[in-house]
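Please read it alongside the structure below.

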Amino acid sequence: MKTAALHSLGCKVNSYETEAMQEIFTEHGYEIVSFEERADVYLINTCSVTNMADRKSRQMLHRARKQNPEALIIAAGCYVQAAGEELLKDPAVDILIGNNEKAGLSKILREWEESRRAFYVHDMSHERQYEELNHSRTAGHTRAFVKIQDGCDQFCAYCIIPYTRGRVRSRSLSDILSEVKALSENGYQEAVLTGIHLDSYGTDLEGCSLLDVIRAVADVDGIRRIRLGSLEPRIMTDEFVHGLAEVEKLCPHFHLSLQSGCDATLKRMNRKYDTQQFYACCERLRSCFDSPALTTDVMVGFPGETEEEFAQTLSFLKEIRFYEMHVFKYSRRKGTRADRMEQQIPEQIKTRRSEILLKLSEENSLRYRERLLGKTVEVLMEEACILHGRTWQIGHTREYVKVAVPSETPLTNRMVRVNVEQMSENGMLCGVLTNADRK
Ligand code: F3S
C-alpha cells in the first residue's frame, strides 16, 4: 500500500483543506502516515501570509525531499499561488497545486502518472467559483471545522490573502448542510463555521446570509453547539446580534478581529471600522448574551505605530477586557502596501509592545475564568490526560473555557455539567460532575 504524509501551514481554512485532501488520498487507497515517517507522497499545504511563512513553506518542502529523495512532493496552497512558476524550478517540488485546484487532487495524481503534468495554478483574481472540498472526519473527536466561504475583498494594507485566495466566494447552503450532516453522523457535536472572511458570506449569493446558515446548521440533528470563526464589527448590527441570540446552540464565544485600538493605525491598515464601532459591537453582544467570551487578534508594530498610538491601543484593550487576545508582531510581506511603508518598527519595540499586551491578556483571561468559580457549567468532553498521577477528563465550556474533571471513566464526546470548584496553578478550571452526570 502506498503511503502519504500531509502537513498544513497557516490558518484554520488551510487545515480544513488539508484534511479534505487527506480524505481524497484515503479514498484512493493510500495509507496516511505522519510527516516524520518515510512516505511515498508528501503534500505540504503552504501559507504565504508573511515572508516568514514563505520561508517555512520552502523549508517543509525541502525537509520532505530530504526524508525521502524518491518521494513525490506536492506543494499546494497560498505560497504556490504567490510564488508560481518560480517554485517549479525548485528541485524539492514535483507538483504545484494552487488555490481552487485542490479538489482535483485525484485527477492530478493520475495525470502525473500518465504525462508528468506538474503545474496546476491559475489566476485567482477572476475566480468566481467556490471550490467544493469536504471532510467527514477530523483530527479531534468532538469539534469539526466547516469551511463555508473563501476569498477576501478587503485588501488590508498588510495582507496578501486577497491575492492568493481571490475574491469572495460562498459555499452553497445545501453543500454546507450535507457536510454538517455527515459530520454529525460520525459523532461530531460541535461545528465551527469558518472562512477567509466570514463576514462576507452570502454577498455573492441570492437570498442566503450567514444568519440563515447558522439557523440551518442549528437544525441538523446531533449538532449541539455552533461556534463562529473570526468576525468584524460591521456585521454585528442589532438585527444580526438579536438573530444570533435566538439560536440556542450558538456558543457565546465571539472572535472579533480588532488588529489595533487606535483609529489612525486602523486607517493606515485599511481596516473598515473604527474603535467606536468596535466598542458598540462588543456592548451589543454583551447586552444580548450572558457574559460572552470575546476574543481578538491584535497586531503590534504596524509601520508608523508611535508610542502614543500604541498607548491608545492599550487603553482601548483595557476598556474592552477581552477573554483572550492573540497578539502578533507585524511581520513584513512582499507585495503588500505595508511592506512599502516607511517607518518600519524595530523588532525590539514590537517585542516590548507584544509582551505588554500578552500580560494584559493573561490578567483579563484569569479574571474571566475566575467568574466561573462556584458555578455549574456545561462541558463537552474532548480528551483524557494524566496530571500529577491522576486521570483527568478535559473539555471546553460553551464560552471556550477549558475545564478538567478527575475521573477514570472516559467521557470523551459526552456533554456533561460540572460544578467548578477551583483553579489549578496553570489556570485551568477544575471541578466535579454534577450528580446527574456521575451516573
Ligand atoms: Fe496563510 Fe493562505 Fe491562510 S496565506 S493564513 S494559508 S489564507
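**Notes on the predicted model**

1. Asn-14 is found in helix α1; helices (H or I, at least four residues) and strands (E, at least two) are DSSP runs, numbered from the N terminus. This is a predicted model, in which local features need pLDDT of at least 70, side-chain atom pairs count only at pLDDT 80 or more, and totals for chains, interfaces and linings use all residues. Residues are numbered from 1 along each chain as its sequence is written, and side-chain values use heavy atoms, with hydrogens and water left out.

2. Is Asn-14 buried or exposed? Asn-14 counts as buried because its relative accessibility is 2% (buried means under 20% relative accessible area, exposed over 50%, partly exposed in between, with a 1.4 Å probe and protein chains only). A polar atom of the Asn-14 side chain lies 2.8 Å from the backbone oxygen of Leu-9. A polar atom of that side chain also lies 3.0 Å from the backbone oxygen of Thr-46. Leaving aside neighbours within four places in sequence, the residues in contact with Asn-14 include Lys-102 and Arg-165 (contact means heavy atoms within 4.5 Å).

3. Leu-9 sits in the loop between β1 (3-8) and α1 (12-27). Leu-9 counts as buried because its relative accessibility is 13%. Not counting residues up to four places away in sequence, Leu-9 touches Asn-14, Ile-44, Asn-45, Thr-46, Cys-47, Lys-56, Ser-57 and Met-60.

4. Which residues surround the ligand? They are Cys-11, Asn-14, Thr-46, Cys-47, Ser-48, Val-49, Cys-78, Ile-161, Arg-165 and Ile-196 (a residue is near a molecule or strand if one of its heavy atoms lies within 4 Å of it). By class, the shell holds 6 nonpolar, 3 polar and 1 charged residues. Here Ala, Val, Leu, Ile, Met, Phe, Trp, Tyr, Cys and Pro count as nonpolar, Asp, Glu, Lys and Arg as charged, and the others, Gly among them, as polar.

5. The protein chain is assigned domain 1 (3-120), domain 2 (127-229), domain 3 (264-371) and domain 4 (376-437); domain bounds come from an automatic or database domain assignment. Domain 1 and domain 2 each supply at least three residues to the shell around the ligand. Between the C-alpha centres of domain 1 and domain 4 there are 38 Å.

6. Strand β9 (residues 190-195) pairs with β10 in the parallel sense over 4 bridges (two strands pair if DSSP finds at least two bridges between them). Glu-190 stands opposite Arg-225 in β10. From strand β10 (residues 225-228), Arg-225 and Arg-227 point one way and Ile-226 and Leu-228 the other, and all are buried. In a regular strand the side chains alternate between the two faces of the sheet.

7. Glu-305 lies in the loop between β12 (293-300) and α11 (307-320). Glu-305 counts as buried because its relative accessibility is 2%. The Glu-305 side chain reaches the backbone nitrogen of Gly-301 at 2.8 Å. Among the residues that Glu-305 touches, not counting those up to four places away in sequence, are Arg-268 and Arg-353.

8. Strands β14 (residues 376-387) and β17 (residues 415-423) run antiparallel and are joined by 5 bridges, with Thr-376 opposite Asn-419 in β17. β17 also pairs with strand β18 (residues 429-433), in the antiparallel sense over 5 bridges. The bridge partner of Val-420 in β18 is Gly-431. The hairpin of β17 and β18 has 5 residues between the strands, and Gly-427 takes a positive phi near 90° there.

Key: Polar contact = N/O pair within 3.5 Å; in protein donor to acceptor, adjacent residues only side chain to side chain.
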